[in-house]
Amino acid sequence: MKRFLDVFCLLGSFVYAAAHGNVSASDFHLKGDFLIGGLFNVHHVSTPANQDRPEVTDCSTQPFLLSSYRRLQLMRFAVEEINNSTDLLPNVTLGYDIFDHCSDTQNFPGIFKLISVDNVIQLHGKPVEQQPKVMAVVGPYTSTEARTLAPLLTMNLIPIVSYGASSSVFSRKQNFPSFLRTLHPNKNPIEAIVSIVQYFHWRWVAFLHVDNDYGNDGRQLFIERIQDTDICLGYTKSIGYLTDYTSMFKQIESQRIGVIIVLVVGWAAEALITSAIRLNVTDKVWIAGEAWSLNKNLPKLKGIESIGTVLGIAEPLVAIPGFSQFIHSTWEKRQCERGEEPMFCNQACSCSGFSAQELVAADPSFSFPVYAAVHAVARALHEILQCRLDGCKKNITVYPHMVLSELKKSNFTLLNDRIEFDENGDPLHKFYSIVFWSHRGEAEEVGIYKFNPSFHFFINNSKIRWYSNDKVPTSLCSPECTVGHAQNQAGIHKCCFTCEICPNGTYVNSTEDPYTCVPCKEAEWSAAGSTSCLLRAVEYVAFTDTESILIIIGACALVLLTVAMSVVFAINYNTPIVRSAGGPMCFLILGCLSLSSMSVFFYFGEPTSSFCMMRTLPFVLFYTVCLACFVVRSFQIVCIFKIAAKIPKLHSWWTKYHGQWLFIAGAFATQALFLLINSTSFPTEPYRDLNFYPDKILLVCGTKLKVASMSLVLLLLLCILCFIFSYMGKDLPKNYNEAKSITFCLLLLVLTWIVFATVFTLYRGKHIHTLNSLAILSSLYSFLWWYFFPKCYMIVFQPHKNTQKYFQGLIQSYTKTISQ
């Protein structure tokens, strides 16, 4: 490896020795106390290299780039301006060695000359003892050139101040310790481009890039930048010498991409745009990178308006005072051809065919970065040589690494622009202009993107003339979903989707997550197609509701009626009707009916644990006593008229041991025991019913049928027994109708609860509590109205039937009938 390097470097020295000469009058060389190297791609290799033997590319035979030649002249102007200054480097002159760097990989002789020490490349000895020909190098232009040449210049820590290499790789100081630049790395223009795309709400874009370090790095940064945004990269393609533009544009068109981001250098941009015009590519928005956004030729091409609207980002144009005069004054004296003495390799150009005015008006991109790079080196020398108004200390030996150290500390103002580098060698203070290619063939500034020291982004929409009748074009893979619809991604791109309406109970937040229908919380609800959830209304039957008031009035009326009937029965206690209705048992039934009505009052108002318990306990407990009384009454009626005659011993036992009261007490005790077990082991608690209404919360009492089954079975058993006994007495005397009345009351009772059970299975709204209280009230009124009221009517309005003689006549008549 060492031998290879020796041979390689000897080749460079030989090339220099063969072509060495004094070319002080050329555009490429100027003598001075300190030399600055310059690398400019004045020419450009337009076709891929296809060599069958090693040779150096003759740049002067390649296509000429006027914009790059303008940058070269800017470096010459900056050096002359510094040499004419009395305060920057007094009594010290700067010189330069500039090379036409037209190829990324084949222009090494010029680099060998720049790094040579006394025209020889030394591989041995300490680097600090070597003093190369130049103190710093301005350039090169492209990232690939910089990446190729940087290792050679880094050997002696020769500062490289690039004006065009923007690949992010150069920010790694461990790999490129002597690299600085006066334009921003790719991450900054990519940020500006993404901001433009987001500002106009474009989602579906293509990214075209030149196939080199600059373009590939920009593409990678763009992909990383849009990962957490709503921008999708629908198509990406690298542009080179052999790009098939027909196929490329067909794919862009087939994917309906309306925005094309183009990160290429000048020659690639010209090939791309001319192909787009030739292939009739229309109605696109083109976003140009800083390398070609200020191109002077493309906006004036015939048919350029047909391709759509061109926006771009550009280094802000800074007017450099005196440059135009410098060009005009030196144009006649310039020596573009070879002088009397031979020029070094690639220090010649074919500069004919354009005027000084055309040179001044050429693409100004990267002009100020060149100007700033030369001044930064001069400022570094100013600090090293300890320059004052009376001059600089020329006795100080200057090494490139000393210049590098001072360059890193740069902090000065140049043409109202702050020149300062961060720890990575990237400029700190900068902003981009956002430009628009107008119909006049010019790049007009329409906005600004400032990222340091504070962020500022602005676009003046009124200055942009869109191809779509001044309406901002759209670029979407799929149309935006209507409100309340979630995006269901189709394929690998999140911008391509179908729209699905979010069902009830869910919502979509398009700003945070447009792909998910988010379920509402338990206490919230939403209709189909909602963008947010609403709080559910809490419902229960209030005491102030109309139906509540009516039922409470009915319950109070029932209590009053029972009291009234009790008074009537008490006054007529010894009459046959009262005794046949049950005598003292009537007062027990009426009292239990009145106590049962207490349950009705607890069905209204916000449920609590005590309310839930009182809804069932009074009714079930006291209604059990009522049913037990009617079972006894039914049994006694049958016993008196049928069993007493046939089974006298049973009647005797029943009468002797007061069987009716034992039965009633047993039923009451059993039911009380069941209710005690239920209330202690499985208490009924209020809960929030979230299932019946999507937009409401019902406050209800939990009902566990399994827990209450014992109490219900007891009530059902009493009903069955009562019905059996009362039905057995259906053929009793017509006017003696206790059994018939009880049967009819039981039928009403059963019918009431069948209706309620049917409604309960179909409807669970808040009014089910109203119906439940109504069913209870109906159960109480059925006995009160159809059993007790007829008897009260006979007592008050038919007193002749309330006599002992009348009842004995009925009994004797019935006894004769059944004995025959």
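Me: How many residues apart in helix H21 are Trp785 and Phe789?
Reply: They are 4 residues apart in helix H21, which covers residues 767–797, and that separates them by about one helical turn. Keep in mind that this is a predicted model.

Me: How many aromatic pairs does the structure hold?
Reply: It holds 44 aromatic pairs. One of them is Phe170 with Phe176, an edge-to-face pair with 5.0 Å from centre to centre and 70° between the planes.

Me: Is Phe170 buried or exposed?
Reply: Phe170 counts as buried, because its relative accessibility is 0%. Phe176 counts as buried too, at 8%.

Me: Back to Trp785 and Phe789, then. Why is that pair stacked?
Reply: The ring centres are 4.5 Å apart and the planes meet at 5°, so the pair is stacked; the cut-off for stacking is under 30 degrees.

Me: And how accessible is Trp785?
Reply: Trp785 is partly exposed at 37% relative accessibility. Phe789 is also partly exposed, with a relative accessible area of 35%.

Me: Which residues form the aromatic cluster?
Reply: Phe569, Phe619, Tyr623, Phe630, Trp753, Phe756, Phe760, Phe783, Tyr787 and Phe788 make up one cluster.

Me: Tyr787 is on that list. What sits over its ring?
Reply: The charged end of Lys791 does, 4.1 Å from the ring centre of Tyr787. In another such arrangement, Lys696 lies over the face of Tyr693, at 4.8 Å from the ring centre.

Me: New topic: Arg203. Where does it lie?
Reply: Arg203 is in the loop between helix H5 (187–199) and strand S7 (204–210). It counts as buried, at 13% relative accessibility.

Me: What does Arg203 touch?
Reply: Leaving out residues up to four places away in sequence, Arg203 touches Asp230, Ile231, Cys232, Ser475, Leu476, Glu480 and Cys495.

Me: What about phi of His201?
Reply: Phi of His201 is positive, about 60°, although the residue is not a glycine. His201 is in the loop between H5 and S7 and is exposed, with a relative accessible area of 52%.

Me: Which other non-glycine residue has a positive phi?
Reply: Gln386 is one, with phi near 50°. It lies in the loop between helix H11 (367–384) and helix H12 (400–408), and it is partly exposed at 35% relative accessible area.

Me: Where is there a cis peptide bond?
Reply: One joins Gly139 and Pro140, with omega about -5°. Pro140 is in the loop between strand S4 (136–138) and helix H4 (143–154).

Me: Strands now. Which way do the side chains of S12 point?
Reply: They alternate along residues 411–414.

Me: What does S12 pair with?
Reply: S12 pairs with strand S13, residues 417–420, in the antiparallel sense over 4 bridges. Asn411 stands opposite Glu420 in S13. The two strands form a hairpin with 2 residues between them, and Leu415 in the turn has a positive phi of about 50°.

Me: And S19, which residues are on its covered face?
Reply: Thr506 and Val508 are on the covered face, with Tyr507 and Asn509 on the uncovered one. S19 runs antiparallel to strand S20 (residues 513–519), with 3 bridges, and Thr506 stands opposite Pro519 in S20. S19 and S20 form a hairpin with 3 residues between them.

Me: What is the strand order in the open sheet of 3 strands?
Reply: The order is S23-S25-S24, with mixed pairing. Strands S23 (537–539) and S24 (686–689) are at the edges with a single partner strand each, so one side of each has no neighbour in the sheet. On average, neighbouring strands here are turned by 25° against each other, direction ignored.

Me: How do S24 and S25 pair?
Reply: They are antiparallel over 4 bridges, S25 being residues 696–701. Asp689 stands opposite Leu698 in S25.

Me: Last one, the overall picture: how many helices and strands?
Reply: The protein comes to 22 helices and 25 strands. Of its 820 residues, 51% are buried. Among contacts with a separation of 6 or more, 71% are between residues 24 or more positions apart.

Methods: Residues numbered from 1 in each chain as written. Predicted model: local features only at pLDDT ≥ 70, side-chain atom pairs only at ≥ 80, totals over all residues. Heavy atoms only, no water. Phe/Tyr/Trp six-rings, centres within 6.5 Å; stacked < 30°, edge-to-face > 60°. Buried < 20%, exposed > 50% of the residue type's maximum accessible area, 1.4 Å probe, protein only. Lys NZ or Arg CZ within 6 Å of the ring centre and 35° of its normal. Contact = heavy atoms within 4.5 Å. Pairing = 2+ DSSP bridges. Axes fitted to C-alpha atoms, helices over the stretch in contact; angles between N-to-C directions.
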